[in-house]
Amino acid sequence: MLKRFLYLQQKSFFRGAGVATNVLQKILRGFVWVYFAFVFTGLAFIAFHYPQEELGVDPLVHANGYVLYGFVYWLVMRYFFQKMPLVHTQPLLVLPVSKNSIIRFGLFKTLFSFFNLGNLFFFIPFGVLLIQEDYTVSGVIGWWVSLASIILLTNFLNIMLNSIDRVLFIVASVLIGFFALQYFEVFDLSAYTAPVFMAPYNQPLWALVPVGLLAVSIRWSVQYFKQQLYLDNHEKKSKKEKHRSMELGWLDGFGRLAVFLRNDIRLIMRNKRARMTVWMGFAFVFYGFLFMTDIYSGAVWQIFVGIFVTGGFLFSFGQFVPSWDSSYYPLMMTQNVPYREYLTSKWWLVVVGTLVGMLLGSIYAFFSWETYLAILAGGVYNIGVNAYLVLLSGAYTRTPIDLTSTQKAFGDKKSFNLKTLLLSVPKIALPMFMFYVGVILGGKLLGIGMIAATGIVGFALRNVVFKWIEHIYKNEKHLTLEAYKQKNA
Amino acid sequence: MIEINALSKKYGEQTVLDIDQLEIPSGQTLGLVGNNGAGKTTLFSLMLDLIAPTTGQVSNNGSVVQESEGWKQHTAAFVDEQFLIGYLTAEEYFNFIGGLRDMSKNQVTTALDKYRDFFHGEVLGQKKYIRDLSKGNQKKVGIVGALLSDTPLVILDEPFANLDPTTQIRLKNLLREEASATGKTFLISSHDLQHVTEVCDRIVVLHKGKIVRDNKTSAKTLQELEAFFHEQL
């Protein structure tokens, strides 16, 4: 059976839309793998020698103190970057393929993620070092089996986080709660968990507990997906989601553009995956706080924060124009739809999203005026330059987005993923470089001024740029239509 | 072959299907007719365990489809293009589903021979992915996919729709041949009263989710059906 699934997998990969980008992504991912493999191996040596030689404490005890943070960090990274399994299940349902084997394959695929295997690069060298140092072999194995089980457990937890909103909210609030307790020094959970992680070393049989929990999590996932394989599941869901009539009459002031804006707003409001982009935009605003730490105190990072904080919606929504409309793109192209208005509507959405980000970003003014100035400049740059760039890259992205995929059992549910990130790199790196030049020439304020000025110039050239983008969209039209046909891939 | 008891499907307040009892003996060719929304596809989807019933159950060859997946071994179905695998060529698709039913490549090729006429030279050897075929040709692929592996039960949802007139006639002949020669059980839904009365030996009429007529096909059946749907005007 596995052979057959792999056969389909391979065909769909090489025959899907955008093979070249997919292959490129895989290669990039390979480099990331190798990089982290080295980092983890290095970490294992540091985690062993540093506490022993510098602190004079037991490396295993020391490591156990960090295990909890490691898991939480790993889970958060997983949530944002691990791809969910995609299996096109419908044709298989009426064929002699059991539901269990479809699900098993879907879950099996997730195991090959770096998030599940990468930890071996840490644990194997660390374990070998421990054993060389006369730690008991059975203890080290027990310890390792426990931690590996918990890592795999988070794999299944992550699938649930992606599939069921309720689980996401519960887990997120628990994590934020403990984070707050620790931050305000009320209660340090890791002090209590360290001995717990030590237990399977002292008595390897304790490892059976995490293994058992892992088995339970697998069972739950299988049962959950089994329910999801019914075709009318999405009707059940859409029933819960009440039909909201949206006349949006206030948009009429935009004239003919209102037709498009209305449609776009409905697209965002009524489709989960599109709706998530709005939340991403909101979440990005607070992302800047992560950069308040010392590591990012370098001047260049300020403008990075500026672009990032105001650009969440721009990056997660804007970069997938026109893919959002992929399922009815042929319809759009046969209607009286001038590209100019179609694009302007999307541009407005992105601009409004950025403006909201600039407004919300004002909370940073309480911490540092300079940061807020950088955010404002970043916002202006996003509007004046990046808003065009996302539309432009959209013309070439051409990955169809299946808006109903959130309702499928094994579907892509995320609005922010590795692809979004890769596409964002040039849009962030360019202003960082510009800012760097400004700082060298005459200090931070000059750098910020340069960024803002570039944005304003870009904004002023709107008509020229739009004409050019429109031209490109027209040129790419047929290729885009062709690519969007390959939805089932 | 198929036994249905107290089967119903509700979406919220709305009952889309409510069948007290329906039995389909082995070897029968059953035609299912009814207007849009009568519940034809819902009934098929329930038989194929694609949706879960609100009440009741469907037994296929003695086992309840909602409980075990054994029915998949002796049942083949084609509902719509969603059930094709768009990125395969027609041959790859046939080999794939043939393989799932333990047919070798050679067996699949031999079995396909029977359908060469039906394809009219437009499907096999085209070096095209299924997603790039026309709607009509996709339909042909789906139908042959369901017939190919000689399962005792074949379910086809509106097989005549989207086909050109010649192919409709070919399909009619094909279905009649298969039914009489192999003793397969066929369940066919259709909006084309003439085709369905010609092919099937029993016609069930669904109306607003309920069975309103259930007769063996006779010379008068077509007239009676036309009269029935005329009344609905």
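Let me start with two helices of chain A, α18, residues 369-397, and α21, residues 462-484. This is a predicted model, and in it the two helices pack at an angle of about 15 degrees, with their axes 9 Å apart. Those two values are what one quotes, because two packed helices are described by the angle between their axes and the distance between the axes. Angles under 35 degrees count as roughly parallel, so α18(A) and α21(A) are roughly parallel to each other. The crossing of α18(A) past α21(A) is left-handed.

Which residues of α18(A) and α21(A) meet? On the α18(A) side they are Y388(A), L391(A), L392(A), G394(A), A395(A) and Y396(A).

Next, empty space. Rolling a probe the size of a water molecule over the atoms shows where such space is left.

The second largest pocket holds about 480 Å³. It is lined by 22 residues, and F313(A), L349(A), V352(A), G353(A) and V356(A) are the closest to its centre. Four helices of chain A each give two or more residues to this lining: α13 (257-270), α14 (272-287), α15 (299-316) and α17 (339-360). Which of them gives the largest share? That is α17(A), with seven residues. The lining has 17 nonpolar residues, five polar ones and no charged ones.

Now the cavities. From chain B, β6 (75-78), α2 (90-100) and α5 (135-148) each supply at least two lining residues. The most come from α5(B), which gives four. By class, the lining of the largest cavity has 11 nonpolar, four polar and one charged residues.

Last, two points about the backbone. Most residues other than glycine have a negative phi, and most peptide bonds are trans. The bond from V321(A) to P322(A) is cis, with omega near 0 degrees. P322(A) sits in the loop between α15 and α16 (329-334) of chain A. In chain B, A6(B) is not a glycine, and its phi is positive, near 45 degrees. A6(B) belongs to strand β1, residues 2-11, of chain B.

Methods. Residues are numbered from 1 along each chain as its sequence is written. Chains are lettered from A and ligands numbered from 1 in the order in which they are written. This is a predicted model: local features need pLDDT of at least 70, side-chain atom pairs count only at pLDDT 80 or more; totals for chains, interfaces and linings use all residues. Side-chain values use heavy atoms; hydrogens and water are left out. Axes are lines fitted to C-alpha atoms, for helices over the stretch in contact, and angles run from 0 to 180 degrees between N-to-C directions. Angles under 35 degrees count as roughly parallel, over 145 as roughly antiparallel, 65 to 115 as roughly perpendicular and the rest as oblique. A crossing is left-handed if the near helix is turned anticlockwise from the far one by less than a right angle, and right-handed if clockwise. Contact means heavy atoms within 4.5 Å. On a 1 Å grid over the protein atoms alone, a cavity is a set of points where a 1.4 Å probe fits but cannot get out, and a pocket is an open set with protein on both sides within 12 Å along at least five of seven lines; lining residues have an atom within 4 Å of a point. Grid points are joined across faces, edges and corners, and a volume is the space filled by probe spheres set on the points. Ala, Val, Leu, Ile, Met, Phe, Trp, Tyr, Cys and Pro count as nonpolar, Asp, Glu, Lys and Arg as charged, and the others, Gly among them, as polar.
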